[in-house]
Protein chains: 2
Amino acid sequence: MNDQFLRACRGEEVDYTPVWIMRQAGRYLPEYQKVRSKVDFLTLCKTPDLAAEVSLQPVDVLGVDAAILFSDILIPVEAMGLKLHFYEKKGPVLDNPVRDRKSVEKLVEIEPEEDVPFVMDTIKILRKELEGRVPLIGFSGAPFTLATYIIEGGGSKNYLNTKRMMYQNPQLFNDLMQRITQNVISYLSAQIDAGAQAVQLFDSWVGILSPVDYENHVFPHIKSAVKILGNKGVPIIYFVNNCAGMLDMAKKVGSDVIGIDWRIDMSRAVKRIGKKVSVQGNLDPCALFMPRERIREAAADVLNKASSARGHIFNLGHGILPETPVDNARALVDAVHELSRR
Amino acid sequence: MNDQFLRACRGEEVDYTPVWIMRQAGRYLPEYQKVRSKVDFLTLCKTPDLAAEVSLQPVDVLGVDAAILFSDILIPVEAMGLKLHFYEKKGPVLDNPVRDRKSVEKLVEIEPEEDVPFVMDTIKILRKELEGRVPLIGFSGAPFTLATYIIEGGGSKNYLNTKRMMYQNPQLFNDLMQRITQNVISYLSAQIDAGAQAVQLFDSWVGILSPVDYENHVFPHIKSAVKILGNKGVPIIYFVNNCAGMLDMAKKVGSDVIGIDWRIDMSRAVKRIGKKVSVQGNLDPCALFMPRERIREAAADVLNKASSARGHIFNLGHGILPETPVDNARALVDAVHELSRR
């Protein structure tokens with residue numbers, strides 16, 4: 001097996017820097033569009049054969065060093081009892097956002113094998129079809145990011161409802177976070193049991209918090225989740241979007257890898273993270289719109305700046321954009337491999 | 001005159017920490033709503049008597065230590081030749097976004113006294129009506145933030161058009177930035193000549209850039225603007241939204257004050273900024289939804305963390321939200337004054 005990704009997660013020697021791309025299975029790929037044209041987005045997530053098919057596409061098309069389960073970060077939220085809708089060009093909408101104690105207490109403690117069996121089935125198909133070519137990553141939204149969707153009922157500009165609960169009723173917010181955290185632990189444990197060889201927690205919206213709020217209201221929960229999941233024996237990646245203000249705290253959650261966004265210089269991030277944790281990232285997704293030779297230069301810059309990290313998994317600093325030319329994504333993967341070969 | 005604000009800008013001794021609030025004249029105030037109910041937003045910006053009236057409201061209602069001109073950051077962009085519209089709940093829209101050389105070259109070199117006389121008239125009325133009670137701040141969007149609107153034609157999620165131009169045609173992007181910068185210099189110079197006693201450059205969207213892109217494509221322009229404006233003899237505040245990744249560069253633009261957002265810890269920011277520049281900020285705007293006694297604690301925390309700065313002007317880390325209870329904003333101003341009195 002190409003285990004460069006897993007080795008980099010653990011800070012072991014690698015032959016070259018492994019690379020995968022957040023949202024690598026998705027709208028920018030014509031192969032994905034073809035599958036997606038036949039079913040709606042949620043059906044695709046919930047149909048193991050199709051979800052496995054699109055998960056494999058970037059392994060074939062781009063030559064990345066890891067596959068990631070095709071799913072949505074809100075799948076466990078739907079299992080918790082909030083009906084989920086995707087409207088074209090509008091993003092996710094959840095019915096009945098949770099803003100009081102009664103609603104918090106109604107949230108379901110999920111049993112992944114019963115409530116979201118399609119996720120575990122997709123993982124099993126993928127492990128079989130990958131035949132050890134590259135490792136398979138499972139994932140979940142991190143507790144805070146899921147909390148924002150649960151409270152806001154979708155995306156948000158200022159996350160006022162979330163912060164209102166955090167500030168006006170910290171006990172209720174804490175109880176909500178605990179329930180979500182418990183579910184994230186069950187959900188990722190089931191993914192690992194089904195065959196996921198690493199898991200990533202996406203804290204996509206945690207960057208809206210002040211560092212002190214992160215420390216008080218979020219950090220204890222994510223830390224406890226990582227601690228329990230750590231016993232499952234697979235690497236844990238914690239992706240902290242817009243991390244520059246909270247990295248010194250985030251690095252302490254106990255994950256094997258910290259995923260970072262593009263708005264911080266990689267050399268500064270590595271310096272702050274230190275030698276106990278590997279890093280993942282962090283090219284601006286828009287850099288894939290550069291001319292090909294400049295993509296190579298930009299990749300070289302990130303590789304160079306990450307060279308003193310314990311381990312480095314190359315990635316974008318956020319999900320690949322739907323408008324991205326596939327050839328440019330492939331050029332990035334090739335450049336990372338060529339430039340980093342030891 | 002209450003000159004605490006100007007003294008803090010310059011790093012001089014103060015009797016207490018001065019405070020003003022970004023967007024302090026605006027939708028959260030019933031007094032503002034009353035004026036606004038009679039005219040649309042752009043008419044309000046362009047009618048000196050009314051613009052002056054709403055600029056004065058927060059000085060009376062909240063007791064802040066500075067007034068700021070009521071206007072919009074896109075007023076100079078309209079003068080550059082892009083028709084500006086505000087639709088309710090949608091934000092600004094500019095006709096004919098600028099994405100090629102022909103459009104860049106069509107951009108008008110503005111003569112503020114001729115093209116936006118209402119701004120200078122508002123400033124003159126304000127200086128008269130303030131009668132020296134508190135200093136008056138003028139402002140403009142910073143060049144990069146204006147460039148994003150000019151290129152995108154409004155707000156944006158990923159700023160792909162902006163980065164596309166920056167990456168695919170850096171010379172064109174540079175020429176655009178130069179034209180905008182020249183106009184920002186003329187616009188703020190005219191405001192100072194009309195009576196503005198300090199000016200703030202709002203770089204609201206600069207935080208979408210990687211530090212290396214900021215350094216290469218933005219920093220030289222803002223630095224040259226600040227250098228020229230510095231000769232006008234009034235303090236210059238550079239507000240860098242989502243600054244945590246680029247603060248070490250941003251502090252070198254030469255401004256008297258760096259305004260920072262809430263996503264960085266104030267003590268860390270002060271350490272990085274050093275002793276040559278004052279700081280402004282940085283309470284989370286959502287903190288004004290806390291119970292009153294916790295607002296006081298949160299203010300105390302920011303004051304304490306900023307205590308080793310050269311000078312500190314208390315502010316929110318971004319604009320006050322329309323939903324904010326006025327009493328809470330007033331409680332913040334009172335708390336800052338009481339807690340910081342020497």
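Select strand β5 of chain A together with strand β6 (residues 236-240) of chain A: the two run parallel and are joined by 5 bridges, where strands are DSSP runs of E with at least two residues, helices are runs of H or I with at least four residues, both numbered from the N terminus, and two strands pair if DSSP finds at least two bridges between them. Within this pair, V199(A) stands opposite I236(A) in β6(A). This is a predicted model, in which local features need pLDDT of at least 70, side-chain atom pairs count only at pLDDT 80 or more, and totals for chains, interfaces and linings use all residues. Residues are numbered from 1 along each chain as its sequence is written, while chains are lettered from A and ligands numbered from 1 in the order in which they are written.

Now colour β5(A) by burial (buried means 20 or more other C-beta atoms within 10 Å of a residue's own, with C-beta atoms placed from the backbone). A198(A), Q200(A) and F202(A) are buried on one side, and V199(A), L201(A) and D203(A) are buried on the other.

Finally, show both chains and select the side of chain B that touches chain A, where 26 residues of chain B are in contact with 26 residues of chain A (contact means C-beta atoms, placed from the backbone, within 7 Å). Helix α10(B) gives the most to this side, with 5 residues. The copies meet through the same surface, because 100% of the interface residues of chain B are also interface residues in chain A.

Methods. Contact = placed C-beta atoms within 7 Å. Buried ≥ 20, exposed ≤ 12 C-beta atoms within 10 Å, placed from the backbone.
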